[in-house]
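Thanks for passing this one along. Here are my notes, point by point, to read beside the model.

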Amino acid sequence: MSTMHLEKSRAMRQDLRTPQSFASNVVSLNLADPTNDHLSALINDIATNRNREAFARLFEHYAPRLKSFTLKQGTSPSRAEELVQETMIMVWRKAASFDASKGTPSNWIYTILRNKRIDMFRKERHPEYDLEEGLEVADTAPGAEDRVEAGQQSEILRAAIDDLPEAQREIILKSFYEDMSHGEIAEDLGLPLGTVKSRIRLGVTRLKQSLGGHQ
Amino acid sequence: MITHHPDTELLLDYATGALTEPMALSVACHASLCKACASELKRLEALGGTLLEQSDKAQMDATSLNAVLNRLDDPEPEPLRPSAQFDAESLRVLPMPLRDYLPASLEALNWRHIGSKVSQYNLDLHVGNYKISLMRFKAGSAQPIHTHKGQEITLVLTGGYTDQGHHFEVGDFDLKDTRHKHQPVVDSGEDCYALVVMDAPVVLAGPFSRFLNPFIKL
């Protein structure tokens with residue numbers, strides 16, 4: 001890294017610690033509705049250049065959404081604030097592990113939030129799967145077409161969730177928002193376990209169909 | 001070929017973070033060996049990503065961003081345990097998620113031998129009543145008949161076995177509960193390594209079981 005570059009990033013860091021100059025920065029960046037490509041580029045910039053400005057922009061986009069998502073899970077505002085901050089620090093540390101060809105920035109950040117929540121609230125780890133080399137054969141490797149697909153995936157999924165029969169949607173949303181296993185959901189709703197299992201299976205199958213064969 | 005997978009609802013629980021660590025470990029190990037379930041988990045996590053992306057924006061504290069920026073250069077916490085250097089055999093046998101839970105290569109682990117046909121190593125992972133073990137069953141051996149008070153998950157890592165007419169091989173996710181009484185017979189040819197997660201003790205069901213039970217602390 002050149003001296004000039006170092007000085008530049010130091011100046012930028014200084015800049016970011018002053019809230020007012022940061023605010024003016026954001027206005028000029030017009031990222032009201034960033035695409036997945038924008039967000040991926042920010043994460044890669046963090047990974048490669050430890051770019052704090054890119055991080056601030058990513059924070060701007062995700063922190064309020066992470067907080068709202070966490071509040072829906074019934075977490076108190078102060079705990080939610082803490083969880084979001086810890087999650088964003090993990091985003092900074094783990095940026096190099098983000099791979100845009102394997103999923104959208106939101107999917108990746110969702111898993112970081114999930115793991116951090118388990119770490120903070122349950123003092124447990126969430127072991128991550130890592131498909132062994134050789135198993136990821138060419139026919140499923142995401143190509144250019146699939147990346148476009150990934151960009152639209154969020155819209156398609158959202159619509160598909162809305163289209164689910166109420167009984168299936170209720171249980172799937174409860175799984176994500178109320179931090180309950182399917183067994184706990186059955187108990188909570190006073191439903192037989194078998195009913196909850198079959199609603200999950202039907203719902204997930206419908207969602208899968210809506211995504212088509214691009215998996 | 002993998003023919004036994006975790007149910008969809010178990011995969012959903014993994015994706016939402018509702019599984020306990022031992023259960024999540026068994027699912028993660030399976031999905032490291034099973035392309036179909038890895039894809040399924042990706043889809044379910046994408047559902048989480050979608051719900052996150054479409055969330056309303058809640059107001060963050062005014063000082064939040066600066067608080068985080070000020071902490072970015074803090075030293076990262078030490079990992080729970082230093083990662084071990086594994087020999088080639090261990091790398092062949094152990095799927096990635098399991099490696100974090102072992103202090104050394106397979107041969108260097110402190111195995112407990114149960115008779116001449118079974119060895120057991122208990123993972124240093126303590127959650128509720130769970131017992132999480134790495135097991136090594138001798139090729140060609142028949143295991144004692146037993147039932148379960150709770151659930152038992154066996155994830156095959158090498159070799160295979162046949163139980164009640166079903167064959168289980170590398171990557172297979174074998175979930176048994178109190179309804180099952182079984183006596184696995186291990187394939188000949190190769191020892192069978194397996195990750196075994198139990199949430200209640202095994203009950204031996206064959207002759208002499210009352211005598212054996214106190215000694216076999218499975």
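1. The term stands for a side-chain nitrogen of Lys or Arg within 4 Å of a carboxyl oxygen of Asp or Glu. Between chain B and chain A the count is nine salt bridges.

2. Please keep in mind that this is a predicted model, where local features need pLDDT of at least 70, side-chain atom pairs count only at pLDDT 80 or more, and totals for chains, interfaces and linings use all residues. Residues are numbered from 1 along each chain as its sequence is written, chains are lettered from A and ligands numbered from 1 in the order in which they are written, and side-chain values use heavy atoms, without hydrogens and water.

3. On the interface, 73 residues of chain A are in contact with 67 residues of chain B (heavy atoms within 4.5 Å). The two chains bury about 6,600 Å² between them, 58% of it from carbon and sulfur atoms; this is accessible area (1.4 Å probe) lost on putting the two parts together, summed over both. E9(B), L51(B) and L52(B) supply 11% of the area that chain B buries against chain A, more than any other three residues.

4. A word on confidence, given per residue by the predictor as pLDDT from 0 to 100. Chain A has a mean pLDDT of 82, with 76% of its residues at 70 or more. In chain A, residues 1-30 have pLDDT below 50, and residues 137-148 stay under 50.
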